[in-house]
Amino acid sequence: MILLVFIILMVNNSWGHGNEKHSSDKVMNKEKKDLFKNKLIYEKINSQYLKKIKPIFQKSCFDCHSSRTVFPWYYSLPIVKQVIDSDIKEAKSHLDFSNNYPFKSHDTPENDLKSIMKSISDASMPPSQYLFFHGDKKMSDSEKTKVKEWVKNSLKALDQN
Ligand code: HEC
């Protein structure tokens, strides 16, 4: 029994050691490859984004998720200003569309796409209290379809990676 444990330990050890350098080299190479591949895919996704999606986001999302906020007249009211400022800060810390795709965020570029899909599907974005004041920022059904298509195609491209 003890001998068996000893043998297992020995074998394990030598495997562990022998493989360590090898596999970490492999990981490095794979990471580098992935990074390069991803970069190309991100560029593709971004070119579609610039062409089809950005104008929609500029209209419906940029007021909160970018540094290009167009402030409404009531922004000058003291308490309103604070509420709006903190909303924008919060929105931008989650997702900042200012510099195109991949977006600046606290998550991966892939998860950002998924959460955008979710926010469009469940109509949680743009927030309803915002749309109450900015009816013109509402997304049309065809705009929603465009965004969903873009997300779907982008996720597929990332998946095939
Ligand atoms: C009135 C401001 C406002 C507008 C306009 C707005 N958002 Fe948001 N968004 C927020 C805030 C605040 C949060 C963070 C709190 C939350 O999740 O509700 C958020 C969070 C999100 C999240 C979740 C991010 C995460 O990591 O959890 C997504 C996705 C998102 N917004 C997408 C959009 C899209 C797409 C649009 C435009 C179609 C949009 N938002 C328009 C304020 C806004």
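**Around the ligand**

Author: Helix H3 gives the largest share of the shell around the ligand, 4 residues. Keep in mind as you look that this is a predicted model. In that model, 20 residues surround the ligand, and the closest are Cys61, Cys64, Ala91, Met125 and Tyr130. Two or more residues of the shell come from each of these elements: helix H1 (2–60), helix H2 (62–65), helix H3 (78–94) and helix H4 (109–121). By type, the shell divides into 11 nonpolar, 5 polar and 4 charged residues.

Let us now follow H4, one of those contributors. H4 has 13 residues, and the distance from its first C-alpha to its last is 19 Å, close to the 18 Å expected at 1.5 Å a residue. Which residues of H4 are buried? They are Asp112, Leu113 and Ile116. Seen down the axis of H4, these buried residues fall within an arc of 100°, so they line one face of the helix. The face turned away from that buried side carries the exposed residues Asn111, Lys118 and Ser121. As for partners, the buried residues of H4 pack against strand E1 (95–96), strand E2 (104–105) and helix H6. After H4 comes Ala123, whose phi is positive, near 55°.

That packing leads us to H6, one of the partners of H4's buried residues. Helix H6 covers residues 141–159, and its 19 residues should span 27 Å at 1.5 Å a residue; the end C-alpha atoms are 27 Å apart, which agrees. Within H6, Val147, Trp150, Val151 and Ser154 are buried. Viewed down the axis of H6, its buried residues fall within an arc of 95°, so they line one face of this helix. On the other side of H6 you will find the exposed residues Asp141, Ser142, Thr145, Lys152, Lys156 and Asp159.

The protein chain averages a pLDDT of 85, and 81% of the residues score at least 70. Over residues 3–19, however, pLDDT stays under 50, and the model has 0 contacts beyond four places in sequence for them. Where pLDDT is low, the predicted coordinates should not be read in detail.

Terms used:
Residues are numbered from 1 along each chain as its sequence is written. This is a predicted model: local features need pLDDT of at least 70, side-chain atom pairs count only at pLDDT 80 or more; totals for chains, interfaces and linings use all residues. A residue is near a molecule or strand if its C-beta atom, placed from the backbone, lies within 6 Å of it. Ala, Val, Leu, Ile, Met, Phe, Trp, Tyr, Cys and Pro count as nonpolar, Asp, Glu, Lys and Arg as charged, and the others, Gly among them, as polar. The expected span of a helix is 1.5 Å times one less than its number of residues. A residue is buried if 20 or more other C-beta atoms lie within 10 Å of its own, exposed if 12 or fewer, and partly exposed in between; C-beta atoms are placed from the backbone. The arc is that of the directions from the helix axis to the C-beta atoms. pLDDT is the predictor's confidence in each residue, from 0 to 100. Two residues are in contact if their C-beta atoms, placed from the backbone, lie within 7 Å.
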